[in-house]
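Me: I'd like to learn how to read a few features off a model. Can you walk me through them?

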Amino acid sequence: MWLWFYKLASPPYAYTVAGKLRPWLLWSAIVLMIVAAYGGLVIAPPDYQQKDAFRIIYVHVPAATMSLSVYVVLAVAAGIGVIWRIKLAHAVAAACAPIGAWFTVLALATGSIWGKPMWGTWWEWDPRLTSELIQLFLYLGYMALRSSFDDTQRADRASAILAIVGVVNVPVVKYSVIWWNSLHQGPSISKLGAPSITSDMLWPLLTMMLAFMLYFAAVLCDRIRSEILKRERNASWLSGVMSTRAAEA
Amino acid sequence: MTEFLHMGGYAGYVWSCYGLTLVVLLGNLWFARRELDNQVLRATRRAQVSTASGSETTSGKAS
């Protein structure tokens, strides 16, 4: 197990593994998304209060969940990179940022479109909405900080500190609807054992969340490979791999 | 079918959310792929240059 872990942390091995995993992750994500969209749009009954508008939940909640989970992955990877000085961990952290930022944009945009018919407003300076906006700025700040360094190692260390400090915002977003009096509705599924929605509404949501995770993993594979190529530009294994590729082509 | 597309009067809101999600997911995938293709291309060029100039010459004459 540990041996495998060490092996995976080596850039050439990770590069190959990510390339092999990607199609499996992507295709399972696509299949699950189609199933979940069918479940959410066709099978699930309309909500008794929100009618058919509630169906936005099947894209909004997975996007919002991913905006937080991706950040946790980013921060943990950055932390591992700082503590154990593993280059690949920094590469993973850097690879997470643009994907997470897109999920956050999606969560904010779909939330805004959902807010209009339900709350009568596109935007409100509400705790949940404001903290999610801060989440977006954290991603953007992380990326801006990285790009402000020419030296990759310094960029890794400085951005890792920002990433780790920024993690405090994750519980703020998550519990904002409980801690403060928010316009945003409370959680629908976190009450394990007794979720407050019916199973016909629940399974498409859980399926969509799983699909989003697989999709994230698939995109992450591509981004990690790009990061590895950028960082290992002078490594001999790389020129070996690339010249064989060029010879084959 | 019309009823399904109508979404109980919320068609504009529901379908714009799903459309937007599709666009963002595809865009994200495409950006990542394009970046990877870019990096692969660069790395391949570097490899070709280094094999052409021979591995002994370490001076940075590349590109």
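**Reading a buried tyrosine, its helices and an interface**

Reply: Let's start with A:Tyr71, which sits in helix α3 of chain A; helices here are DSSP runs of H or I, at least four residues, and strands are runs of E, at least two, numbered from the N terminus. This is a predicted model, where local features need pLDDT of at least 70 and side-chain atom pairs count only at pLDDT 80 or more, while totals for chains, interfaces and linings use all residues. Residues are numbered from 1 along each chain as its sequence is written, chains are lettered from A and ligands numbered from 1 in the order in which they are written, and side-chain values use heavy atoms, leaving out hydrogens and water.

Me: Which residues is A:Tyr71 in contact with, leaving aside neighbours within four places in sequence?

Reply: Contact means heavy atoms within 4.5 Å. Among the partners of A:Tyr71 are A:Gln135, A:Leu138, A:Tyr139 and A:Gly166. A:Gly166 is 95 residues from A:Tyr71 in sequence, yet their C-alpha atoms are 8.9 Å apart.

Me: Which residues of α5(A) are buried?

Reply: The buried ones include A:Gln135, A:Leu138 and A:Tyr139. The buried residues of α5(A) pack against α3, α4, α6, α7 and α8 of chain A.

Me: How do I check the span of helix α5 of chain A?

Reply: Take 1.5 Å times one less than the number of residues. For the 21 residues of α5(A) that should give 30 Å, and the end C-alpha atoms are 30 Å apart, so the two agree. Likewise, the 28 residues of α3(A) should span 40 Å, which agrees with the 40 Å between its end C-alpha atoms.

Me: And between the chains, how many salt bridges are there?

Reply: A salt bridge is a side-chain nitrogen of Lys or Arg within 4 Å of a carboxyl oxygen of Asp or Glu. The count between chain B and chain A is two. One salt bridge joins A:Asp222 and B:Arg33, with the closest N and O atoms 2.7 Å apart. On the side of chain B that touches chain A, helix α2 (residues 11-53) of chain B gives the most, with 26 residues.

Me: How many residues does each chain bring to the contact?

Reply: Chain B brings 30 residues and chain A brings 41 residues.

Conventions:
Buried < 20%, exposed > 50% of the residue type's maximum accessible area, 1.4 Å probe, protein only.
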